[in-house]
Amino acid sequence: MAIEVNGKTYETDEEGYLTDINEWNEDVAKLLAEQENINMSEQHWEVINFLREYYNEFQIAPAVRVLTKAIGKKLGPEKGNSQYLYELFPYGPGKQACKIAGLPKPTGCI
Amino acid sequence: MAAAEFTTPELQDFPAIPALKPDAMAQSKPFVASDKINAAIGFPGELVPDWEQKAVGRLGELLKKYRSLKVYLDACVHCGACTDKCHYFLGTGDPKNMPVARQDLMRGVYRRHFTLAGKLFPKLVGATELTREVLDDWYKYYHQCSECRRCSVFCPYGIDTAEITMAGREILDSVGYGQKYSNEIIGKVHKIGNNLGLPGPALADTLQGVEEDVKEDTGVDVRYPMDVKGAEVLLVTPSADFFAEPHIDSLIGYGKVFHAAGISWTLSSKASEAGNFGMFIGNYEQLRTIALRIREAALELGVKRIVVGECGHAWRVAYSFWNTLTGIGAGANDPFAVQLQSQLDHRHKQPAHICEVTWDLIQRGALKFDRSANDHRIVTFHDSCNVARASRMGDTPGGQFEIPRAIIRAVANNYFEMAPGTTHEATFCCGGGGGVLTDELLELRVKGAMPRMGALKQVADQHGVNFLATICAICKAQFTKVLPYYQFNRGMVGGVHQLVSTAIRLGSND
């Protein structure tokens with residue numbers, strides 16, 4: 001499978017996750033978000049950028065708890081919970097946000 | 001995530017036998033593993049050209065290796081006792097999800113190739129060739145079984161459909177037609193050490209964060225150690241406990257129990273996963289290789305006890321298979337198993353379930369609780385299938401049912417049982433076990449959860465139950481996903497040690 005952004009083709013897996021994380025850019029993220037029926041706001045970008053930073057350091061998406069804590073620090077304690085993340089990414093912050101951030105899908109019993 | 005649309009079944013009073021809907025789930029199948037995923041774990045990359053011959057050959061080998069498989073394929077008299085016992089049949093109405101029909105997909109091929117009557121008079125005895133259509137049905141319907149074994153409880157012959165499903169998946173893998181979800185995860189365990197693909201540094205960072213949080217919440221320095229040589233206990237738990245919610249709240253609970261009891265413990269970056277998907281795909285070599293990581297970690301760290309966290313199928317593997325696979329528990333006699341046996345402290349159960357450890361400490365008065373801390377919760381307990389029907393805890397029959405409940409009663413004031421026939425050995429699967437906890441099978445998972453959701457609704461309506469406690473990472477993830485489809489709050493599922501964590505008194509025990 002593949003998606004096309006600005007005339008360039010990007011390969012994805014069966015589930016729509018970007019095959020090569022290094023090919024990611026903001027326009028790709030916008031299209032991936034659109035496919036998930038998500039309109040990217042500043043709050044969405046905060047999460048996506050944190051995911052990418054964390055991934056660059058640890059080669060894995062952050063645990064939900066790590067993510068909520070970081071978002072709480074940045075955007076205020078009332079937003080540092082998974083309910084807030086579900087509002088931004090209704091399918092589940094773990095998988096849906098990872099997809100838009102161009103990260104591989106987290107696997108296992110999650 | 002653009003999933004195909006489907007309708008959530010309406011909840012009915014249990015038990016309700018659905019009208020048959022032939023082929024209702026014929027479209028449901030998981031993604032096929034890519035050649036890269038398969039090659040990484042030694043399976044053929046894609047469907048091999050001579051798959052029919054190879055698959056029948058592999059079935060023949062399995063029949064020789066597992067006498068149980070042959071007995072199960074021979075013994076069925078089609079009495080029908082199992083037909084309405086499968087949660088996937090109850091939720092979907094697809095007749096191929098009746099356990100007997102699931103078995104018959106393989107039984108037909110077995111009769112054609114391995115019985116005299118089937119070789120001579122195939123049509124008279126329901127013998128079938130392994131056509132591409134049949135192979136595709138295997139792929140679809142052996143991935144619509146969560147290997148929960150509820151049907152086997154009701155079968156007068158004790159036929160275990162899970163073993164047939166496992167054999168089906170093993171044969172499919174042997175011809176390059178395996179499932180992406182399970183096979184990708186198995187590759188990650190070998191490469192990185194856990195199902196998530198969580199590398200050591202990320203695990204260390206997460207554990208440090210947990211220590212900070214617990215300190216902030218309680219004021220007490222509870223440690224969540226990793227790779228500590230000479231610790232008494234090695235805790236092996238599903239990697240979801242490090243990553244997901246509500247799983248991580250149980251991890252916090254394990255740490256508090258060890259802290260309060262003064263037991264030194266450690267996690268291992270090498271064996272940072274209790275789960276063993278080798279069992280789900282019915283592959284003995286994978287099952288063994290994955291289990292051996294835990295023995296290696298135990299030997300390296302020099303621990304005296306091995307304790308398993310809240311993971312249903314891991315406890316089945318640990319309780320039932322670790323002894324001969326790894327020498328944890330008695331049975332294996334290779335040098336490393338013997339070395340491990342001499343290292344472990346046999347005054348304790350080896351391996352032990354975290355619930356056994358906690359319950360033992362409670363009985364000895366080593367833990368103190370403030371039960372009112374859980375007063376905002378009205379709790380019920382969901383028996384996870386692999387714990388309920390494939391293992392035991394404690395020293396008496398039924399301990400696997402009683403011990404988790406006894407812990408809940410010790411830490412919470414409000415507890416109610418779901419209807420008989422939906423718990424204990426007759427428990428309904430969460431709908432996501434056995435290697436089907438993947439997004440493309442969401443329709444199956446939602447529909448398969450229907451019987452459990454019906455039983456939950458009864459106690460929610462009658463008693464105001466608002467907390468579904470369980471001891472399995474798959475159950476926790478599955479319920480988090482499917483509860484909203486039945487108008488429940490996703491946050492109402494949690495672990496038994498999450499309840500322990502809420503009520504336990506740290507520091508001064510006076």
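Trainee: Which residue of strand 3 of chain B stands opposite Leu234(B)?

Mentor: This is a predicted model, in which local features need pLDDT of at least 70 and side-chain atom pairs count only at pLDDT 80 or more, while totals for chains, interfaces and linings use all residues. Residues are numbered from 1 along each chain as its sequence is written, and chains are lettered from A and ligands numbered from 1 in the order in which they are written. Strand 1 (residues 233-236) and strand 3 of chain B run parallel and are joined by four bridges; strands (E, at least two residues) and helices (H or I, at least four) are DSSP runs, numbered from the N terminus. In strand 3 of chain B, the residue opposite Leu234(B) is Ile306(B).

Trainee: In strand 4 of chain B, which residue is the bridge partner of Val308(B)?

Mentor: Strand 3 and strand 4 (residues 352-353) of chain B also run parallel, and two bridges join them. The bridge partner of Val308(B) in strand 4 is His353(B).

Trainee: Are the residues on the two faces of strand 3 of chain B buried or exposed?

Mentor: In a regular strand the side chains alternate between the two faces of the sheet. On one side of strand 3 (residues 305-308) lie Arg305(B) and Val307(B), and on the other Ile306(B) and Val308(B). A residue is buried if 20 or more other C-beta atoms, placed from the backbone, lie within 10 Å of its own, exposed if 12 or fewer do, and partly exposed in between. Both faces of strand 3 are covered, and these four residues are all buried.

Trainee: How many other C-beta atoms lie within 10 Å of Gly309(B)?

Mentor: Gly309(B) sits in the loop between strand 3 and helix 16 (312-326) of chain B. The residues that Gly309(B) touches, apart from those up to four places away in sequence, include Leu235(B), Val236(B), Tyr254(B) and Ile354(B); contact requires C-beta atoms, placed from the backbone, within 7 Å. Gly309(B) counts as buried because the number of other C-beta atoms within 10 Å is 26.

Trainee: How far apart in space are Gly309(B) and Pro238(B), C-alpha to C-alpha?

Mentor: Pro238(B) is also among the residues that Gly309(B) touches. In sequence the two are 71 residues apart. In space, C-alpha to C-alpha, the distance between Gly309(B) and Pro238(B) is 7.0 Å.

Trainee: What distance does helix 15 of chain B reach from its first C-alpha to its last?

Mentor: Helix 15 covers residues 284-301, which makes 18 residues. The expected span is 1.5 Å times one less than the number of residues. Its buried residues include Gln286(B), Ile290(B), Arg293(B) and Leu301(B), and just after the helix Gly302(B) takes a positive phi of about 65°. The span of helix 15 is close to the expected value, and it reaches 26 Å.

Trainee: Which helix of chain B gives the most to the side of chain B that touches chain A?

Mentor: In this contact, 30 residues of chain B meet 22 residues of chain A. Helix 10 (180-192), helix 11 (200-218), helix 12 (240-243) and helix 23 (473-482) of chain B each supply at least two residues of that side. The largest contribution from chain B, five residues, comes from helix 11.

Trainee: What is the radius of gyration of chain A?

Mentor: Chain A contains five helices and two strands, in the pattern β-β-α-α-α-α-α along the sequence. Its C-alpha trace spans about 40 × 25 × 25 Å along the principal axes. The radius of gyration is taken over C-alpha atoms, and the globule rule is 2.2 Å times the number of residues to the power 0.38. For 110 residues a compact globule would have a value near 13 Å, and chain A agrees with 13 Å.

Conventions
Contact = placed C-beta atoms within 7 Å. Pairing = 2+ DSSP bridges.
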